[in-house]
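Student: I would like to go through this model and ask what each term rests on.
Tutor: Go ahead; each answer will set the value against the definition.

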There are 2 protein chains.
Amino acid sequence: MTRLADLATPALVIERSRLVANLEQMKSRALALGVRLRPHMKVAKAVAIAEIAVEEKGRGIAVQTPAEAEFFAQAGYADITVCAAMIPSKLDRVARLADDDVGVTVITDSPDVARAIAAHGGHFAVLVEVDCGGHRAGVLPESPEAIEIAKILDGAPRVTFGGVLTNAAHCYQGRTRAEFEAIAEQERAAVVHVAERLSEAGIPCPVVSVGSTATAVFAKHLNGATETRPGLYVFNDLFRAGVGLCGRDDIALSLLSRVIGHYRSDNRLLIDAGVTSLSLDRGTERIEGGDQGFGVVLDEHLQPIAPGLKVAQLHTEHAWVGADEPLPFDSLPIGTMVRILPNHANNTATMHRHYDVVDGTSEVIARWPRQGGW
Amino acid sequence: MTRLADLATPALVIERSRLVANLEQMKSRALALGVRLRPHMKVAKAVAIAEIAVEEKGRGIAVQTPAEAEFFAQAGYADITVCAAMIPSKLDRVARLADDDVGVTVITDSPDVARAIAAHGGHFAVLVEVDCGGHRAGVLPESPEAIEIAKILDGAPRVTFGGVLTNAAHCYQGRTRAEFEAIAEQERAAVVHVAERLSEAGIPCPVVSVGSTATAVFAKHLNGATETRPGLYVFNDLFRAGVGLCGRDDIALSLLSRVIGHYRSDNRLLIDAGVTSLSLDRGTERIEGGDQGFGVVLDEHLQPIAPGLKVAQLHTEHAWVGADEPLPFDSLPIGTMVRILPNHANNTATMHRHYDVVDGTSEVIARWPRQGGW
């Protein structure tokens, strides 16, 4: 039996029961909203998590990169939407998946790229990406390009025009329930509006896909949408807890680290986690009164050690842990394990190649590989 | 023949001639300073780079983690200093290397850990870590612990007390030549002072090791020191160029990315690099008048595209590229390759598992694996 104490630190740890609860809750939520759940695997990047998230392999996932698409296709997922703006040089790779009987959907906001897709000969479904206010990518809802792109694709051989997709890239600008509800409605309305414009132009729009977890959690309804593609709900994190998207006890991901130094005169501990394992993310700094430094430090069992114990300063492979009150050094001898809740689960997870899985105890019940790369 | 255009993007690219020049320059510098060069491989994490950096495998390297020590030991490096505060639970792993005839040096600033090392039975050399002003780790130069630790280790079987080591963790607080020179002298003086205290106590101190690249570059002399352990000089980066530690043409590392979207009304491009490949580092923000966003954007040949072209905003797998003046969209069609100089080479490199190597042309002459993990 492997225990947390047997792991080399730092190590990325999943609490399985929290993970499963998060996944089940989102399934219920999608059911209540009347849309299909297409979990976005860009965060989890693990087959073991996709298997719980989608229930059946055939039901479909979203990914961000060709490498992720290949990884999940190899694991048997046969309905994959690649949610980053497609470019011509990446078409060959994703077309190879389609040749292997994987249903591949790609997205674009560019008539030039649409022409390249139409001319490529690969077997794709294509969605038009819509900018619903995040100004990351996508055509504006009123722009002529949506219709232009759909028309380019609609008649192309081996290509299916699939519909429209958006993602509220600005959803984390929200801080209150009212703000999240407004962003959710903005996301839904933008993409439904483009779908209606396409229908009026005689182009059917079977897929109307919304993206952000905030929308999935806070939308009052998703009328007109057909699917939702949340990703960060899988783990949750301090930022999401800080803005009310989850509770702190819903955070399924933590970084196991060990105390490697005592500095009593500075009232700080040194731990063996740093930029390379925790990430530079300071997302909670933007939450008024909710700054958690580089992460909240708990004990091996995810219980508090001292009030306000945080990662205060980050180096490459070290971090300082500090608190407002005097630290209990004597109960934290060198070697003591701590677990750090991350500001942003995605940014912490991306530093790692596997997850060690526990379920309410210190026993490590599984190690799940995590697929990085592009 | 593989060319940059054949690579999946984003991809981490080394300019070999710049790398070699950086490595050779530091060898000359160490020679001029009269100290041994022990390159710190925590940044490069690649055997191919160590081979150029040290000339001979026997000459010794520094690493930060047990995983790195194992990786380089397996590649034939037989003199390895593990430069993170050792803790008892990691002793077994590094002791196994010592059993395989690798000379392993570990460091500590704790009498408790020194006792654990003395009792372990592994074959180690041990250095006392000294805090020279960075307040990351180490005993203070005047503290009694340095002597205490040395005495614990001096008589222990199979253990050699090796001397003292420090690293100016605060060296990047410097901005001017005068400040760097002062920090370099602070680093040298602190560790030499402890070595002298140890000698006075009758404990010989064969190794007196200084750490930071800034010290290696700007020290007026290193009298009393025996070795230097720079790491970031290998690649250089925008932060180092911004504070005068190198020129921009000395930066050997860049991230290859492709244009994936045009947003003319916002005067911005979208590229397929993001947090997962470039890192969240905003280090140049701290340089007055020298903020480079998330990195400087150049063309495939590292030539300028437009004045002030920078990564302006970062998402997980996307980034916005912007400039002060109107962008030349027509000469940057979707699919165009760009290369991004990073703010902090270490933080960008840590997002990757290999380097693609070029040498002044677009031909990829090698792919070098990069060892992550702990």
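**Terms and values**

Student: What makes helix α5 of chain A one that lies across strands, and at what angle does α5(A) run to β6(A)?
Tutor: Helix α5 (residues 111-120) of chain A lies across β6, β7 and β8 (159-166) of chain A, and runs at about 155° to β6(A). Contact means that the C-beta atoms of two residues, placed from the backbone, lie within 7 Å. Axes are lines fitted to C-alpha atoms, for helices over the stretch in contact, and the angles run from 0 to 180 degrees between N-to-C directions. Helices (H or I, at least four residues) and strands (E, at least two) are DSSP runs, numbered from the N terminus. This is a predicted model, in which local features need pLDDT of at least 70 and side-chain atom pairs count only at pLDDT 80 or more, while totals for chains, interfaces and linings use all residues. Residues are numbered from 1 along each chain as its sequence is written, and chains are lettered from A and ligands numbered from 1 in the order in which they are written.

Student: Which strands does helix α3 of chain A lie across?
Tutor: Helix α3 (residues 66-74) of chain A lies across β4, β5 (79-82) and β6 of chain A, at about 170° to β5(A). In chain B, helix α4 (residues 91-99) lies across β5 (79-82), β6 (103-108) and β7 (124-130), at about 150° to β6(B).

Student: How do you know that β6 and β7 of chain A pair?
Tutor: Two strands pair if DSSP finds at least two bridges between them. Four bridges join β6 (residues 103-108) to β7 (residues 124-130) in chain A, and these strands run parallel. Within this pair, I107(A) stands opposite L127(A).

Student: What makes β3 and β4 of chain A edge strands?
Tutor: The open sheet of chain A has eight strands in the order β3-β10-β9-β8-β7-β6-β5-β4, with parallel pairing. Its edge strands, β3 (36-37) and β4 (61-63), each pair on one side only.

Student: What is the strand order in chain B, and how many bridges join β7(B) to β8(B)?
Tutor: The order in chain B is β3-β10-β9-β8-β7-β6-β5-β4, an open sheet of eight strands with parallel pairing. Seven bridges join β7(B) to β8(B), where V130(B) stands opposite T166(B). Three bridges join β8 (residues 159-166) to β9 (residues 207-210) of chain B, where V164(B) stands opposite V208(B).

Student: Why is β8(B) called mostly covered?
Tutor: Seven of the eight residues of β8(B) are buried. A residue is buried if 20 or more other C-beta atoms lie within 10 Å of its own, exposed if 12 or fewer, and partly exposed in between.

Student: What puts the buried residues of α2(A) on the same side of the helix?
Tutor: The buried residues in helix α2 (residues 47-54) of chain A include I49(A), A50(A), A53(A) and V54(A). They cover an arc of only 110° around the axis, which puts them on the same side of α2(A). The arc is that of the directions from the helix axis to the C-beta atoms. The cover over these residues includes α1 (16-33), β4 and α3 of chain A.

Student: Why does D101(A) count as exposed?
Tutor: D101(A) has 9 C-beta neighbours inside 10 Å, so D101(A) counts as exposed. D101(A) sits in the loop between α4 (91-99) and β6 of chain A. Its phi is near 70°, a positive value in a residue other than glycine.

Student: Why do the copies meet through the same surface?
Tutor: The interface residues of chain B are, to 100%, also interface residues in chain A, so the copies meet through the same surface. The contact takes 43 residues from chain B and 43 residues from chain A. The largest share of the side of chain B that touches chain A, three residues, comes from β11(B).
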